[in-house]
Amino acid sequence: MSKTTWKRAGVALTAAALVAGLAGCNDDGGDKKAAGGKADASAPAKKDGGDATQVLRAAYEKTSAAKAAKIKATITTQGTPEESGTIEMSGVQGWAPATMDVTMKGSMLGAGTPGAPEQMRVVMLDNAMYMDMGAEQAAQMDGKRWMKMDLKSIAEASGDKALQKQMTGNLDSMNQDPAQQLGLLLESPDLKHVGPEKVNGMETRHYKGTLTFEQMLKTNDSAKVLPKEDYDKLIENVKKTGLKGYDMEIWVNEDNYPARMKLGMKMDAATVHMTMDYSDYGTKSAVQAPPAAETVDLFKMLQEAGAGAGAAAGAQG
């Protein structure tokens, strides 16, 4: 498999994970805060924005119950020329259980490579990602155009407990949804109502807040169970990136659903901005895995490659 294929798959996986909530760095801590006080989710929205905490709690309750929505997202990265660019997504995201079926396009996806598809479909289902690598890449994979990445299986087979925690932790983060992001914003010490704004033709109330990395980590139950050595290493690695924290913004419509969310992350080497527009809450999320006959299982491929290398080494010995 070519390096181009690997790179494009990596970009797609990272982008999909970000939109699914990886950037939230939050397991379920937001749930506890949001559930800490009941809000009337059916009450009509107040024009003046009302109490920010109460509004976001009401939005949290309605969004949790919706379980799915249509999503349009843009991720923009500004850093080195090789790592700068934009990815756009559109499709359906579901939660409880976590699913996703989106189409991606943008300058980062093709990576300036001849033959690269103009867009890529990415499906998430049952803790696995499926990426449509395109017709040209399929020629390098026995005609199979879908690549499956089952992170949980790879982690369990490794026998490395640290790797297992890291990968399964990432899967938990991918299982994020707009409700959990609302809960996360409730943790912001400077949460405030900015004012009324129109988003995609809807009347909304705009709220914003900031969180340091340390504040976000306190809401992450996965981080709390890490051994001290691993926890300290996590903090050290994040500090090396120069990440100080996150800027979060949410626009809540008159039906008490998030119409738009924005997340900004600034590091020493790059700045990442994400904008996610939601609509059609409660839409059917009938996500299906691609046919097995058209899918390359990365985990099995790595297993077979390892077995082949072992057999070759034994023959030479």
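**View 1. Helix 8 and its buried residues.** In this predicted model, Pro178, Ala179, Gln180, Gln181, Leu182, Gly183, Leu184 and Leu185 of helix 8 are buried, where buried means under 20% relative accessible area, exposed over 50%, and partly exposed in between (1.4 Å probe, protein chains only). Helix 8 covers residues 178-185 and is mostly covered, with eight of its eight residues buried. Helices here are DSSP runs of H or I with at least four residues, strands are runs of E with at least two, and both are numbered from the N terminus. Residues are numbered from 1 along each chain as its sequence is written, and side-chain values use heavy atoms, with hydrogens and water left out. Local features need pLDDT of at least 70 and side-chain atom pairs count only at pLDDT 80 or more, while totals for chains, interfaces and linings use all residues.

View 2. An open sheet is formed by 12 strands in the order 7-8-9-10-11-1-2-3-4-5-6-12, with mixed pairing; two strands pair if DSSP finds at least two bridges between them. Strand 7 (192-199) and strand 12 (295-297) stand at the edges with a single partner strand each, so one side of each has no neighbour in the sheet. From one strand to the next, the twist averages 20 degrees. Axes are lines fitted to C-alpha atoms, for helices over the stretch in contact, and angles run from 0 to 180 degrees between N-to-C directions.

View 3. Strand 8 (residues 202-212) pairs with strand 7 in the antiparallel sense over seven bridges. The bridge partner of Glu197 is Thr204, in strand 8. Helix 8 packs on the sheet and touches strand 2 (85-94), strand 8, strand 9, strand 10 and strand 11 (271-279); contact means heavy atoms within 4.5 Å. The direction of helix 8 makes about 120 degrees with that of strand 9. Helix 3 (residues 52-66) lies across strand 1 (68-78), strand 8, strand 9 (245-253) and strand 10 (258-266), and runs at about 105 degrees to strand 8.

View 4. Thr77 is found in strand 1 and is buried, with a relative accessible area of 15%. Not counting residues up to four places away in sequence, Thr77 touches Glu83, Ser84, Gly85, Met108, Ala270, Thr271 and Val272. Lys148 lies in strand 6 (residues 146-149) and is also buried, at a relative accessible area of 19%. With the neighbours up to four places away in sequence again left out, Lys148 touches Ala128, Met129, Tyr130, Thr295, Val296, Asp297 and Leu298.

View 5. Most residues other than glycine have a negative phi. Lys67, in the loop between helix 3 and strand 1, has a positive phi near 70 degrees and is partly exposed, with a relative accessible area of 41%. Asn200 is found in the loop between strand 7 and strand 8; its phi is positive, near 50 degrees, and at 54% relative accessibility Asn200 counts as exposed. The 14 residues of helix 11 (residues 228-241) should span 20 Å at 1.5 Å a residue, and the end C-alpha atoms are 20 Å apart, which agrees. The expected span is 1.5 Å times one less than the number of residues.
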